[in-house]
Amino acid sequence: MPINWSGYQKMSEHLSSERVFNSAFETGIRSLCALSAGLPDEFDLQQLLAFDHVIVHSGDMPNGPPSLHPRVQQRNGELLVRRPLVQDGLALMEAKRLIATNASNGEVLYSATEFAPVFLESMENPYLRSLATRADWAIVTLHELGSQLFFEVFNTAFDRWSSEFQIADVTMGRTSA
């Protein structure tokens, strides 16, 4: 019986397109890397949003490894729009039983399952290896901030963001009063 390759072709077309970049799959993998690095701890959505930003833009952090994504000025606004992508990514990884959720004190906490490290270790993609390395660094460096992590990352990004607006105003011939 011949193999029907159409399903594999569709998956290959999807993975080779630009839809992989900042898709639920990519953000899910980044969250999975952070949760796996943080085992056995649980993290809330705010913390995972911060880890997602820091893993991609690690070069923005003091003594951080080089960033994985290009350093474009508008990257700081990502924190404001990334929430639904991260939520979709978490749902995708949960559907694959790589992430578990736990409702505690009125909030949802996420953790990696025992399958997560095995899944990540089975991947040989250099980009994924870089994600995992940065996730390990982020967990070790920032875990102690706990629930303040998001606010620290957001405030740092906001400071850069407002500087970018001021630079843009000066470049366009406007001055702030």
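Reply: One definition comes before the rest: contact means heavy atoms within 4.5 Å. The model is predicted.

Me: What covers the buried residues of helix 2?
Reply: Helix 3 (45-56), helix 5, strand 1 (99-104), strand 2 (107-112), helix 6 (115-121) and helix 7 (126-142) are included in the cover.

Me: Which residues of helix 2 are buried?
Reply: They are Glu26, Thr27, Gly28, Ile29, Arg30, Ser31, Leu32, Cys33, Ala34, Leu35 and Ser36. Buried means a relative accessible area under 20%.

Me: Why is helix 2 called largely enclosed by the rest of the structure?
Reply: Because 11 of the 14 residues of helix 2 are buried, the helix is described as largely enclosed. For the protein, buried residues make up 38% of the 177 residues.

Me: How do you know that the span of helix 2 is close to what is expected?
Reply: The expected span is 1.5 Å times one less than the number of residues. Helix 2 has 14 residues, and the expected value is 20 Å. From its first C-alpha to its last, helix 2 reaches 20 Å.

Me: Why are helix 2 and helix 5 called roughly perpendicular?
Reply: Helix 2 (residues 24-37) and helix 5 (residues 83-95) pack at an angle of about 75 degrees, and their axes are 7 Å apart. Angles of 65 to 115 degrees count as roughly perpendicular. The two helices are therefore given that description.

Me: Which residues make the contact between helix 2 and helix 5?
Reply: Helix 2 contributes Ala24, Phe25, Thr27, Gly28, Ile29, Ser31, Leu32 and Leu35. From helix 5 come Leu85, Val86, Asp88, Gly89, Leu90, Leu92 and Met93. By class, this contact has 10 nonpolar, 4 polar and 1 charged residues.

Me: What makes proline 117 partly exposed?
Reply: The cut-offs are under 20% for buried and over 50% for exposed, with partly exposed in between. Proline 117 has 21% relative accessibility, so it counts as partly exposed. Its place is in helix 6.

Me: Which residues is proline 117 in contact with, leaving aside its neighbours within four places in sequence?
Reply: Proline 117 is in contact with Ser36 and Leu39. Proline 117 and cysteine 33 are 84 residues apart in sequence, while their C-alpha atoms are 8.3 Å apart in space.

Me: Why is arginine 97 called exposed?
Reply: Exposed means over 50% relative accessible area. Arginine 97 has 61%, so it is exposed. This arginine is found in the loop between helix 5 and strand 1.

Me: Is asparagine 105 buried or exposed?
Reply: Asparagine 105 has 80% relative accessibility and therefore counts as exposed. It is found in the loop between strand 1 and strand 2. Asparagine 105 has a positive phi of about 50 degrees, although it is not a glycine.

Me: Where is proline 40 found, and what is the peptide bond from leucine 39 to proline 40?
Reply: Proline 40 is in the loop between helix 2 and helix 3. The bond from leucine 39 to proline 40 is cis, with omega near 5 degrees.

Me: How many helices and strands are there in the protein?
Reply: The protein has 8 helices and 2 strands. Along the sequence they follow the pattern α-α-α-α-α-β-β-α-α-α.

Terms used:
Residues numbered from 1 in each chain as written. Predicted model: local features only at pLDDT ≥ 70, side-chain atom pairs only at ≥ 80, totals over all residues. Heavy atoms only, no water. Helix = DSSP H or I, 4+ residues; strand = E, 2+ residues; numbered from the N terminus. Buried < 20%, exposed > 50% of the residue type's maximum accessible area, 1.4 Å probe, protein only. Axes fitted to C-alpha atoms, helices over the stretch in contact; angles between N-to-C directions. Parallel < 35°, antiparallel > 145°, perpendicular 65-115°, else oblique. Nonpolar A, V, L, I, M, F, W, Y, C, P; charged D, E, K, R; others polar.
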